[in-house]
Amino acid sequence: VIYLDDDRSDYKNEPAVKKPEDSWENNLSDENFSEELVAKQSPNSFPGPEVESQEWPNLDTDRYNALKLREENSIDSLIRNALQLMHTGDYQSANESLKKIVSKDPDHVDGNFYLGLSYMGMNQPALAKLYFYSVIKNKSTPDSLMSKSYTELAKIELKSNFPGFALSNLGDALSFDSSNKEAQSLNKSLLHNMKSKSNFIYDWE
């Protein structure tokens, strides 16, 4: 390997190779990686190979993937921190942490779901519903999280004394994940309660 500062005459015609410490991997500092990623990121999504070759001439694929991975790890760290805060009952601090995720990526399904849970813990069901709906409307949401979101919506409807809407949400929850034990339990209890009230009329439509 020939380095840039090697001035031996017998190597003067050989192509120069950058020293390892000058490689891009060692220039990924904590202070600038997210700023560079944001500066290069397209408004709607991370670009595919065609966009990169046309619009990202100064950012090679390996460096871009590394920056993206660092950003994802940063988001994972925020989510873990928020879950720990909610576990201790500090929903306000968890809410503030989760807002940082959604501000960076409004379609982040985990960020929206847990932000909804934080609002539930803060006794703000109207705001919680907005974020659960965001999860449901996202086409990339996995079935398990769809089921959990519908279950949380059912809880909100039950608390608001709308058992019909709650039952509908529970049906949707079980359609996405029939093994959702919480939805199963709520659905069973709600049906039993409805049947025990002879004067209760429920319109399935």
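Of the contacts in the protein with a separation of 6 or more, 46% fall to residues 24 or more positions apart. The model behind this figure is a predicted one. Its secondary structure amounts to nine helices and zero strands, so the pattern along the sequence simply reads α-α-α-α-α-α-α-α-α. As for burial, 32% of the 205 residues count as buried.

Now for the helix pair H5 and H6. The axes of H5 (residues 109-121) and H6 (residues 125-137) come within 8 Å, with a crossing angle of roughly 160°. Since angles over 145 degrees count as roughly antiparallel, the two helices are therefore roughly antiparallel to each other. The crossing of H5 past H6 is left-handed. On the H5 side, the contact is made by Val-109, Asn-112, Phe-113, Leu-115, Gly-116, Leu-117, Tyr-119 and Met-120; H6 brings in Leu-127, Ala-128, Tyr-131, Phe-132, Ser-134 and Val-135. Sorted by type, the residues of this contact come out as eleven nonpolar, three polar and no charged.

Phe-132 turns up again in the core. The largest nonpolar core holds 31 residues, and Phe-132 is among those touching the most other members, along with Leu-98, Ile-101, Tyr-150 and Leu-190. Two or more residues of this core come from each of H3 (61-87), H4 (91-104), H5, H6, H7 (143-159), H8 (163-176) and H9 (181-196). Setting aside neighbours within four places in sequence, Phe-132 is in contact with Phe-113, Gly-116, Leu-117 and Met-120, as well as with Ser-149, Glu-152, Leu-153 and Ile-156.

Notes: Residues are numbered from 1 along each chain as its sequence is written. This is a predicted model: local features need pLDDT of at least 70, side-chain atom pairs count only at pLDDT 80 or more; totals for chains, interfaces and linings use all residues. Side-chain values use heavy atoms; hydrogens and water are left out. Axes are lines fitted to C-alpha atoms, for helices over the stretch in contact, and angles run from 0 to 180 degrees between N-to-C directions. Helices (H or I, at least four residues) and strands (E, at least two) are DSSP runs, numbered from the N terminus. Angles under 35 degrees count as roughly parallel, over 145 as roughly antiparallel, 65 to 115 as roughly perpendicular and the rest as oblique. A crossing is left-handed if the near helix is turned anticlockwise from the far one by less than a right angle, and right-handed if clockwise. Contact means heavy atoms within 4.5 Å. Ala, Val, Leu, Ile, Met, Phe, Trp, Tyr, Cys and Pro count as nonpolar, Asp, Glu, Lys and Arg as charged, and the others, Gly among them, as polar. A nonpolar core is a set of buried Ala, Val, Leu, Ile, Met, Phe, Trp, Tyr and Cys residues joined through side-chain atoms within 4.5 Å. Buried means under 20% relative accessible area, exposed over 50%, partly exposed in between (1.4 Å probe, protein chains only).
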